[in-house]
Amino acid sequence: MYHRSACGHLYRDISLSGLEPHTLYHFRVRSRAQGTIDGMSGDNTLLTLPETPNLLVNGGFEAGTPAGWTYFGASDGVYEGPWFKDLRAVEGRYFIGWATNGGTRNGGVWQRVSATPGKEYCFSAWAWTWCLNIPMYNLSVHIGIDPFGGTNPNAPGVVWSPWSVNFDRWHPLWVRATAQANYITAFLQGHADSPAEWNIYAFDNAVLTERVQRFNVRGKVTAGDFVASPEGFPVEVQLRPAGSTEPLRTEMLTLDAAGNYTLRDVEPGEYDIAFKASHWLRAVARGV
Ligand SMILES: [Ca+2]
């Protein structure tokens, strides 16, 4: 669907399916039209919303204090904007920030939470940087997970997002790691290479979740009664816990020319799948 903005730009809505919750995606947009040169956007990101609870205490700093977090390196404070450069929280009212006039300020906070060894965890936080009278690349930020639950940001096992410069704009950072112990530790860290007139950075809306991974279940319905192509043939598909007759989901799907169906976004598990297509086709596939 196209929209035209007040200043004449043409917009188009595009739906993306099959994305995982609480995951950062990079994307580019290419435009192509006959008789014109292709257009290609720069790198864009989108962070999908989490579907499971935030495991962090005070992840958005809405306590108005760093409660639940422990400083390492330089400490500073939790602020309610407008702060430097009129900065306001990207979520709620409060964010955590570090600011130095005429020096460097290297430090961050960590928070340790219970975890299940072998499970994957996704960690995201929004970050903002600013410095004055020095190239903006002087100051960068990253976030990390220590899958062993340690509290040393310099430990070799910490899994970090790439260092990122988010000059004068809030931008999401994201990292994923597999827990190796009964605890994992989330880190927010900023680093200035050189002293500057001002070195300032901030974080907000830190969210740590257990990963929810979904799969597409594909299969084939074969029935001798098909006289022509099964393409477009409607089939009622029920997803049931293995051994149960109570459906978790019931969906009408259509078959392709070879009789294949796809049931999207199924969480890992063991299921029975039941099919019904008119009175003559009923089948249950067990333990898929
Ligand atoms: Ca907040």
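Five strands form an open sheet in the order β7-β10-β15-β12-β13, with antiparallel pairing. Strands here are DSSP runs of E of at least two residues, numbered from the N terminus, and two of them pair if DSSP finds at least two bridges between them. The edges are held by β7 (70-73) and β13 (159-160), each with a single partner strand, so one side of each is left without a neighbour in the sheet. Strands of a sheet pair through backbone hydrogen bonds, either parallel or antiparallel.

The model is predicted: local features need pLDDT of at least 70 and side-chain atom pairs count only at pLDDT 80 or more, while totals for chains, interfaces and linings use all residues. Residues are numbered from 1 along each chain as its sequence is written.

Within this sheet, β12 (residues 139-146) and β15 (residues 183-192) run antiparallel and are joined by eight bridges. One of the residues involved is Ile-143, whose bridge partner in β15 is Leu-188.

A further open sheet of five strands has the order β8-β9-β16-β11-β14, again with antiparallel pairing. Here β8 and β14 stand at the edges with a single partner strand each, so one side of each lacks a neighbour in the sheet. On average, neighbouring strands of this sheet are turned by 35° against each other, direction ignored; the axes are lines fitted to C-alpha atoms, and angles run from 0 to 180 degrees between N-to-C directions. Eight bridges join β11 to β14, which run antiparallel, and Ser-124 stands opposite Trp-174 in β14.

What is the largest nonpolar core made of? This core has 45 residues, and those with the most contacts inside it are Phe-95, Tyr-121, Phe-123, Ala-125, Ala-127, Tyr-201 and Phe-203. A nonpolar core is a set of buried Ala, Val, Leu, Ile, Met, Phe, Trp, Tyr and Cys residues joined through C-beta atoms within 7 Å; buried means that 20 or more other C-beta atoms lie within 10 Å of the residue's own, with C-beta atoms placed from the backbone. Strands that each supply at least two residues of this core include β9 (94-103), β12, β15 and β16 (196-210). The largest share, nine residues, comes from β11.

Phe-123 touches Ile-143, Ile-145, Val-175, Ala-186 and Leu-208, not counting residues up to four places away in sequence; contact means C-beta atoms, placed from the backbone, within 7 Å.

The protein chain is divided into domain 1 (2-47), domain 2 (70-210) and domain 3 (215-285), with bounds from an automatic or database domain assignment. The centres of domain 2 and domain 3, taken over C-alpha atoms, are separated by 46 Å.

How values were computed
Helix = DSSP H or I, 4+ residues; strand = E, 2+ residues; numbered from the N terminus. Buried ≥ 20, exposed ≤ 12 C-beta atoms within 10 Å, placed from the backbone. Contact = placed C-beta atoms within 7 Å.
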